[in-house]
Number of protein chains: 2
Amino acid sequence: MSLSDLLLGKPLKSSDERAECIGPVTGVPIFGLDALSSAGYGPEAALTLLISLGAAGLHFILPITAAIIVLLTIVYFSYRQTIAAYPGGGGSYTVARENLGVTAGQLAAAALMIDYVLTVAVGISAGVGALVSAFPILLRHTLELCLAILLLIALINLRGVREAGKVFVVPTYLFVASLGFAISLGVARALLSKGHPAPVVAPHPLAQATGIASAWILLQAFASGCTAMTGVEAVSNGVRAFREPGAKNARLTLTIIIGILIILLAGIAYLSNAYHIGATPPGQAGYESVLSQMIAAVAGKGIFYFIAMASILAVLCLSANTAFADFPRLCQIIANDKGLPSSLASRGRRLVFSQGIIVLAVLSGVLLIIFGGITDRLIPLYAVGAFLAFTLSQAGMVMHWRRHPGKGSTHSMFVNGLGAIATLITVCVVLIAKFVEGAWITFLLIPALVLMMKAIHRQYARVGRELASNDPINFTATKPPIVILPVASWGKSTKKALAIASELSNEITVIHIQVGEHSGKDLEERWNEFVVAPAQAAGISVPELEIRQSPYRRILTPIVEIALRTAKRHPDRIIAVVIPELVEKRWYNYFLHNQRASVLKAMLYFLGSRNIIVVNVPWYVEAGG
Amino acid sequence: MSLSDLLLGKPLKSSDERAECIGPVTGVPIFGLDALSSAGYGPEAALTLLISLGAAGLHFILPITAAIIVLLTIVYFSYRQTIAAYPGGGGSYTVARENLGVTAGQLAAAALMIDYVLTVAVGISAGVGALVSAFPILLRHTLELCLAILLLIALINLRGVREAGKVFVVPTYLFVASLGFAISLGVARALLSKGHPAPVVAPHPLAQATGIASAWILLQAFASGCTAMTGVEAVSNGVRAFREPGAKNARLTLTIIIGILIILLAGIAYLSNAYHIGATPPGQAGYESVLSQMIAAVAGKGIFYFIAMASILAVLCLSANTAFADFPRLCQIIANDKGLPSSLASRGRRLVFSQGIIVLAVLSGVLLIIFGGITDRLIPLYAVGAFLAFTLSQAGMVMHWRRHPGKGSTHSMFVNGLGAIATLITVCVVLIAKFVEGAWITFLLIPALVLMMKAIHRQYARVGRELASNDPINFTATKPPIVILPVASWGKSTKKALAIASELSNEITVIHIQVGEHSGKDLEERWNEFVVAPAQAAGISVPELEIRQSPYRRILTPIVEIALRTAKRHPDRIIAVVIPELVEKRWYNYFLHNQRASVLKAMLYFLGSRNIIVVNVPWYVEAGG
């Protein structure tokens, strides 16, 4: 069993692929983790903005949450329609591209890609926030913990999406159950005590008010709270991954996710108000997350507290997994439209798109390092991308219904239009409210990504035009190749390469570059015996031997020079450079050989003559050939 | 001008190589920086051990330094003889290998390699120690500063050894001049004041004694102080880099280096005693290096102080350069003896061994990160390697004189024997005194490295035996190849590859893997027009077209399967898989193409059939062919 098998799992056979499809029970964890876990940082992000208002700030969390829930409901109905209209999946990118044009599609794609990277970074940092709330001693290792979890998630995803789903079922349902239980218990106690429940463990005292409520602060709190809505688009992107009937399963999954999310958001807002729970300054000693305070206030710091916090930790960290499931799919769709390198379109081990996973892991790792793994610093970059994608997707749906008029299309157009307007307003609010704190980064990155996609698309188109041909081939123009065979010494791999060369051409030059006094002596002395006599006996033309001095011990440059010179002298011929290579069974022996062969090939290509081709002749070490 | 040219300098022509040779004036900075700069951390390392003795500790620095100087003198005379006897260079490795056998040579090589890595780490960390002494505000950025300087030095070295020499001439001589001036001034003042000079700026008060002098503490202080001797072997390793007459220039350079070093060590010991200067606890707030206190005490914290500290910073940081000049040379020599991968034996850009430079930079970067850039934590790992190499080299010289008896050989044998015994005792002292603090790491790493070299050597020997042949080639056994040509669509690059394939063989199968419904339709429909008719017109055998469904959108696996199946069906034939590749002029377009070609080649090799060869046919984008 190789190292990569151990870490990444055995490669799957093609025939296993259908088994990767999923239903609502596993669909909720896989595509809903991001949306559901938003409950772990969205309300806290809003409350953090209200810290400066002191106790007065808590009164505003209810209307802010109400506004977010209304927005969420609009977006939900909008996406229900998208799933029905686009069972092929692709989400915002596909919808925007098909209905609003290529640039709108690329804009949506860029927004979503950045959003996925932030989903990973925010999810993990918020999860670690829950961990350090339960164990304050870990606070100073925040960043290390974030990076370790990122690595773990990336490896799990490289093993394949189905196992990923299995891993996440238990924590997700545990999270929903324990948070639901805490909220139910808290609401019951609050109602029984007529709105003034006594906390089991007192939450942190609210800070003295240092400012007064202003429209600006409330706007900022709303903008931060909107991060609770990110991840809603995941289901519509991944419709294809669902078991048949895909659209129906996807809608059911989306309904479950949104329903749970609304209950969680409303419950957290109600309880933070009833129990007087505010946010604590993030990234400082004494930090404790809102949910940690809430569960402790409702149920005390007993076993239930630690179970609930563990499930929050797990779900928040693993919410990043939603992005890991969707980012590579999105990259594949864009790559198929030639907006990203085509290698992002190929399937890797275990039927998932490993390159996309690696790209996502690296980018979010960089973000975590830059922002020190502090959720609150990442929040301002977030949400812009998600809401821009929402807007474009729903605007696209409006165009879709205009083009496909029919029963109910006016109603559908109204629903999507409402969604588009509501989310467009939200984009503007978030951008303005968070511009200085970090939204400007997203604001610059999105167009930069679009320009990159356009440049890649142009280059593919240019190469496509250059290579296009509609004419038959002309076989008469080609002539037999001239072979150049560089050899270090006489041996079995040399003999194999020379024998093969003799089949490719009857003009062969064997080149030996002499770097020491004695190198190549046996070749020179016994050439007649080794090669000339057998060639004459076989009735084939005799290969030439050229021994070239290299006083400064360069080996590759003289070979390249000879190849280029030959190519120049015979512009109508193909020059085949035959390179013997050693292939080792064990990967750790890779570094022992062949560096020279790879460099030689790169040099031949780089210095470029169009009539040079490279023939690699492998020798399998230990297999004797 | 490309990015790599800008960073690494234009590649040098072979004919420029002789100009890389150096004389004593540039030789002292290049090969002496390590040895000379040891004055910056050796005495301090000894004094740090004496902190716990309080003021009483300072009395012991004079005898400890005297012992180190005696040892240094013995080693100097020993290495003078080595240079004369081995003008070809190679130092400890060559001497031990030739006289004591392969294992002794590998032991010396492993010791030296580890020592070079530590030279880099200790030099840079001590340099940064000087910097933070002058600007205490930088103390908390110690590690970042270390890594930035490491990167800078590595880049300078990738540009080539002569420029490296030029860069280091000014700071080295400035260091010698300013430290020499400070010592002269200090000694003069001390003598004038009858041994009780008044410091201009008072040094840190000495700590209260918390322990009493014991043989153990003095042994540890001596062991730490011995790090001042590291780097002495550099000249003998690099004799070949000197201008003719190499041995004479190398001996002159060594004499200058050792002479200066002895003056510096003696001066520092005398002044720290006279001015009551002790070490401060390393890595803690309030840290100030011994040299910083000494210069301030002698000359005040004026302009001279900052010039002197800047030269110490520069020289200490750049002392790492000695290792960068020598480590790759050592690797090359070992690689030539097949104890390391052969790629370490090849010359890179600018005639230096870039791979060795990169390996060294990475390893010392790891060390710096593990030990947080604190010199004092690195010191215990140091010196073991250097003194083990000294011992093996001098023991080897004793054997050398025994084998080459002649005039003065008995005297020479005595000098080297004395050196071998003295350094062997020192290895044991250092190992025992520092074992727990870190010498155990070196103690385990050296044999591990030796085992690795032996394993590499065995593998090369095995492959060499497997490939060895003393028989003529048999041309009659080979038959013409069968060509498999995978194509995505009809286009100019396909036509080029097919035309070339038609010259290599008259059995060609063109394979198209159908991933969508429409893919390959034009190929199928117009095959007769595109290929069959022209082939018949040219009178060559007609290539076959095979279109293969791939329901799960795999492209490479079916191609590999076809190749393997064909190879199995025709065990006596060569299967040539012709892969068209796109070559882009601009490096940043590299990621757009050819990933598939590389992966296909890797898969063909990995799944391995010995009669499959790979033919790469490049198409130069923008050059039209």
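Which side chains meet in a salt bridge with an N to O distance of 3.4 Å? In this predicted model, the pair consists of Glu581(A) and Lys601(B). Lys601(B) belongs to helix H21 of chain B and Glu581(A) to strand S4 (residues 575–583) of chain A, so the pair joins two chains. Side chains of opposite charge can pair when their charged atoms come close. By the rule applied here, two salt bridges cross the interface of chain B and chain A, whereas the structure over all chains holds twelve.

The interface itself may be considered next. The size of an interface is often given as the accessible area lost when the parts come together. For chain B and chain A, the area buried between them is about 7,300 Å², and carbon and sulfur atoms account for 57% of it. On the side of chain B, 85 residues are in contact with 86 residues of chain A. Polar contact is found across this interface as well, in 25 residue pairs with both members at pLDDT 80 or more.

Several elements of chain B give two or more residues to the side that touches chain A. Four of them are named here in order of position: helix H17 (409–467), helix H18 (492–504), helix H19 (521–538) and strand S4 (575–583). Helix H21 (595–607) and strand S5 (612–620) of chain B also belong to this list. The largest share, ten residues, comes from H18(B). By residue class, the side of chain B that touches chain A divides into 43 nonpolar, 22 polar and 20 charged residues.

Strand pairing also links the two chains. Strand S5 (residues 612–620) of chain A is joined to S5(B) by three bridges, and the two strands run antiparallel. Within this pairing, Val614(A) has Asn616(B) in S5(B) as its bridge partner.

How are the two copies related? Chain B is superposed on chain A by a rotation of 180° with 0.1 Å of shift along its axis, with an RMSD of 0.2 Å. The two copies are therefore related as by a two-fold rotation axis. In chain B, the C-alpha nearest that axis is the one of Val615(B), at 2.2 Å from it. The same surface serves both copies, since 100% of the contact residues of chain B recur in chain A.

Note on methods
Residues numbered from 1 in each chain as written. Chains lettered and ligands numbered in written order. Predicted model: local features only at pLDDT ≥ 70, side-chain atom pairs only at ≥ 80, totals over all residues. Heavy atoms only, no water. Contact = heavy atoms within 4.5 Å. Buried area = accessible area lost by both parts, 1.4 Å probe. Salt bridge = Lys/Arg side-chain N within 4 Å of Asp/Glu carboxyl O. Polar contact = N/O pair within 3.5 Å; in protein donor to acceptor, adjacent residues only side chain to side chain. Helix = DSSP H or I, 4+ residues; strand = E, 2+ residues; numbered from the N terminus. Nonpolar A, V, L, I, M, F, W, Y, C, P; charged D, E, K, R; others polar. Pairing = 2+ DSSP bridges. Least-squares fit on C-alpha atoms with pLDDT ≥ 70 in both.
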